[in-house]
Amino acid sequence: MGKTMRHKSPGTLRREVIDFHGHLASIAGRQTQEQEKKNEMHKVIFDTDPGIDDAMALLFLHRHPAIDLIGITTVFGNASVETTTRNALFLKREWGIDAPVAKGLDKTFNPDRPHVGWPTFIHGDDGLGNIDVPETVDLPVDPRPAHRFIIDTVRAHPGEVTLIAVGRMTNLALALREDPDFAALVREVVIMGGAFDVNGNITPAAEANIHGDPEAADVVMAAQWPVTVVGLDVTTKTVMTKAMIADIAERGGEAGKLLADISKFYVTFYEQHVPDGMVVHDSCACAYVVAPELFTVRSGAIRVVCGGIADGQTIQSPDNRLFPPSPWDDLPSQKACIDIDAARTLKLIGDTLVLGG
Ligand code: BDR
Ligand code: CA
């Protein structure tokens, strides 16, 4: 004989339905909280050429509670890629950073571009302010080239990874060439580079990171992914004073002391350009990821001049302007930072660098 069904009273049924909805709502609430928490955290691959201001940016990413640093990829720029990779390993070891390091190639996107010398007068012969970085650092490097590491890591975390690129755009462009579809899986691309409404710093037209590989930068700006460019328009307003650096050395533990030692050389270079301290270019790009409200952005397609006297210049076609047909047509609208709350950005950077110190 089949089981006998007991009929429930309408009151009991209503209570059960209400309980069930409550249960669903609490699961949904938990899921929303978990999702919000997940969205607040930023999984970051840091593409870098350390580099003194790169070192500061790396410590910022390591210490910021909303950043999950899942990879460091190296590129040439402030020094050769051999040196910048050695420096990334050195900082990883000194600061106890878990993220793996993958080394970039040693050629520009267009391999026929003539080599421009390394800026040893800005970052020192060793790229880290001549602090006697050991010749070699006994830590493993990821076996993949940087651009392959970037593709694989993004594909392993679709929609979650933010790429912060603060050196030449070579690795990003190589990744796009090797796997164009991976762009759609990147959460956000934030670049330190370029100069829109101000002069460049390596020529009157061009900023160093873009000038060092303009073809790569043009590919990155034209790709179908959301790019924000944090360029000289905002970074040159963000000057960390010597007093702030001394405070980081005092309150930031051994890591803060090392950062201050590395920075001395850069501060000396900046004596010709700012009254007190140094411009913290690369940290601005990292600050944008966690506090975009500190920046004013302008939207529009961005192209990079490749060749001629304006080689490496970044030019945006603002979305709110109409022009006759031009090489900016049909490209994605990207964001260029045109203003910054420098005082609050510096406070955010300073407060983060001393966390856990
Ligand atoms: C950029 O060039 C490099 O010297 C710095 O590290 C920064 O990324 C500034 O133009
Ligand atoms: Ca850099």
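**Exercise 1. The shell around ligand 1**

Task: Find which residues come nearest to ligand 1, and which elements supply the shell.

Solution. 
Step 1. Start with the residues around the ligand. There are 13 around ligand 1, and G51, D53, V166, A208 and H281 come nearest.
Step 2. Assign the shell to elements. Two or more residues come from each of α2 (52–63), α7 (208–211) and α12 (281–290).
Step 3. Sort by class. The shell around ligand 1 holds four nonpolar, five polar and four charged residues.
Keep in mind that this is a predicted model.

**Exercise 2. How α2 meets α12**

Task: Work out how α2 and α12 pack, and name the residues that make the contact.

Solution. 
Step 1. Take the geometry. The axes of α2 and α12 lie 7 Å apart, at an angle of about 25°.
Step 2. Apply the cut-off. Angles under 35 degrees count as roughly parallel. Therefore α2 is roughly parallel to α12.
Step 3. List the residues. From α2 come D53, D54, M56, A57, F60 and L61. From α12 come H281, D282, S283, A285 and C286.
Step 4. Sort by class. The α2 contact with α12 has six nonpolar, two polar and three charged residues.
Step 5. Look back at the ligand. D53 and H281 belong to this helix contact, and both are among the residues that come nearest to ligand 1.

**Exercise 3. The largest nonpolar core**

Task: Identify the residues with the most contacts inside the largest nonpolar core, then trace the contacts of A285.

Solution. 
Step 1. Size the core. The largest nonpolar core has 94 residues.
Step 2. Find the main contributor. α2 gives the most, with eight residues.
Step 3. Follow A285. Neighbours within four places in sequence aside, A285 contacts A57, I164, V166, V190, I191, M192 and V230.

**Exercise 4. Helix α6**

Task: Decide how covered α6 (residues 170–178) is, and say what its buried residues pack against.

Solution. 
Step 1. Count. Seven of the nine residues in α6 are buried, leaving the helix mostly covered.
Step 2. Name the buried residues of α6. They are T170, N171, L172, A173, L174, A175 and L176.
Step 3. Find the partners. The buried residues of α6 pack against β1 (42–48), β2 (67–74), α5 (146–156), β4 (161–165) and α8 (214–222).

**Exercise 5. The whole chain**

Task: Describe the secondary structure, burial and contact range of the chain.

Solution. 
Step 1. Count elements. The chain has 13 helices and eleven strands.
Step 2. Check burial. Of its 357 residues, 46% are buried.
Step 3. Check range. Take contacts between residues at least 6 apart in sequence: 82% join residues at least 24 apart.

Key:
Residues are numbered from 1 along each chain as its sequence is written. Chains are lettered from A and ligands numbered from 1 in the order in which they are written. This is a predicted model: local features need pLDDT of at least 70, side-chain atom pairs count only at pLDDT 80 or more; totals for chains, interfaces and linings use all residues. A residue is buried if 20 or more other C-beta atoms lie within 10 Å of its own, exposed if 12 or fewer, and partly exposed in between; C-beta atoms are placed from the backbone. Helices (H or I, at least four residues) and strands (E, at least two) are DSSP runs, numbered from the N terminus. Two residues are in contact if their C-beta atoms, placed from the backbone, lie within 7 Å. A residue is near a molecule or strand if its C-beta atom, placed from the backbone, lies within 6 Å of it. Ala, Val, Leu, Ile, Met, Phe, Trp, Tyr, Cys and Pro count as nonpolar, Asp, Glu, Lys and Arg as charged, and the others, Gly among them, as polar. A nonpolar core is a set of buried Ala, Val, Leu, Ile, Met, Phe, Trp, Tyr and Cys residues joined through C-beta atoms within 7 Å. Axes are lines fitted to C-alpha atoms, for helices over the stretch in contact, and angles run from 0 to 180 degrees between N-to-C directions. Angles under 35 degrees count as roughly parallel, over 145 as roughly antiparallel, 65 to 115 as roughly perpendicular and the rest as oblique.
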